[in-house]
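Here are my notes for your first look at this one. Have the model open beside you as you read.

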Amino acid sequence: MAKKRVAAKKQDIQPLVGKELLSKLKDLSHLSKREKAKECGYVVGKQVNLSGFMNAILEAKGISLDGDANSDSRGREASYRIKVHQNGQMVIGSAYTEKMGVQTGDEFEIKVGRKHIHLTQLTEDE
């Protein structure tokens with residue numbers, strides 16, 4: 001009888017998702033991928049559901065492999081990659097600025113590192 005209760009409790013456990021999943025992964029950095037999946041509840045019967053685990057990580061980080069179901073399928077999707085044009089300029093598309101809520105006239109500070117560029121939005125008091 002006790003074994004049935006334990007089995008029922010294990011089936012009721014829901015796998016971690018979202019911020020809880022990402023937070024738990026930070027604590028489990030020393031474990032293998034399979035062990036991390038087990039600890040986060042991605043077990044079906046005796047099998048570890050690695051694909052479900054990896055998909056949950058991607059979703060928690062805001063990456064969808066299935067595409068956006070709410071998308072109106074017009075135009076290109078934001079790719080988070082840009083190229084330097086022949087004139088040396090780089091353009092950040094409107095998909096990014098809309099997502100950030102950037103308005104015409106907003107100002108940014110540019111900090112250049114060896115292999116990166118940081119854009120920091122300035123507030124009115126700066």
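1. The largest nonpolar core has 10 residues in all: Leu-21, Leu-25, Leu-28, Ala-37, Cys-40, Tyr-42, Val-48, Phe-53, Ala-56 and Ile-57. By nonpolar core I mean buried Ala, Val, Leu, Ile, Met, Phe, Trp, Tyr and Cys residues joined through side-chain atoms within 4.5 Å; buried is under 20% relative accessible area, exposed over 50%, partly exposed in between (1.4 Å probe, protein chains only). Two elements, α2 (18–27) and α4 (50–60), each give two or more residues to this core, and α4 has the largest share, 3 residues. Helices (H or I, at least four residues) and strands (E, at least two) are DSSP runs, numbered from the N terminus.

2. A caution: this is a predicted model, where local features need pLDDT of at least 70, side-chain atom pairs count only at pLDDT 80 or more, and totals for chains, interfaces and linings use all residues. Residues are numbered from 1 along each chain as its sequence is written, and side-chain values use heavy atoms, with hydrogens and water left out.

3. Now look along α4. Phe-53, Ala-56 and Ile-57 are its buried residues, and they sit on the same side of α4 because they cover an arc of only 100 degrees around the axis (taken from the directions from the helix axis to the C-beta atoms). Exposed Ser-51 and Glu-59 are on the face turned away from that buried side. After α4 comes Gly-62, with a positive phi near 85 degrees.

4. What do the buried residues of α4 pack against? They pack against α2 and α3 (33–39), contact being heavy atoms within 4.5 Å.

5. Over in strand β4 you'll find Ile-117, which counts as partly exposed because its relative accessibility is 47%.
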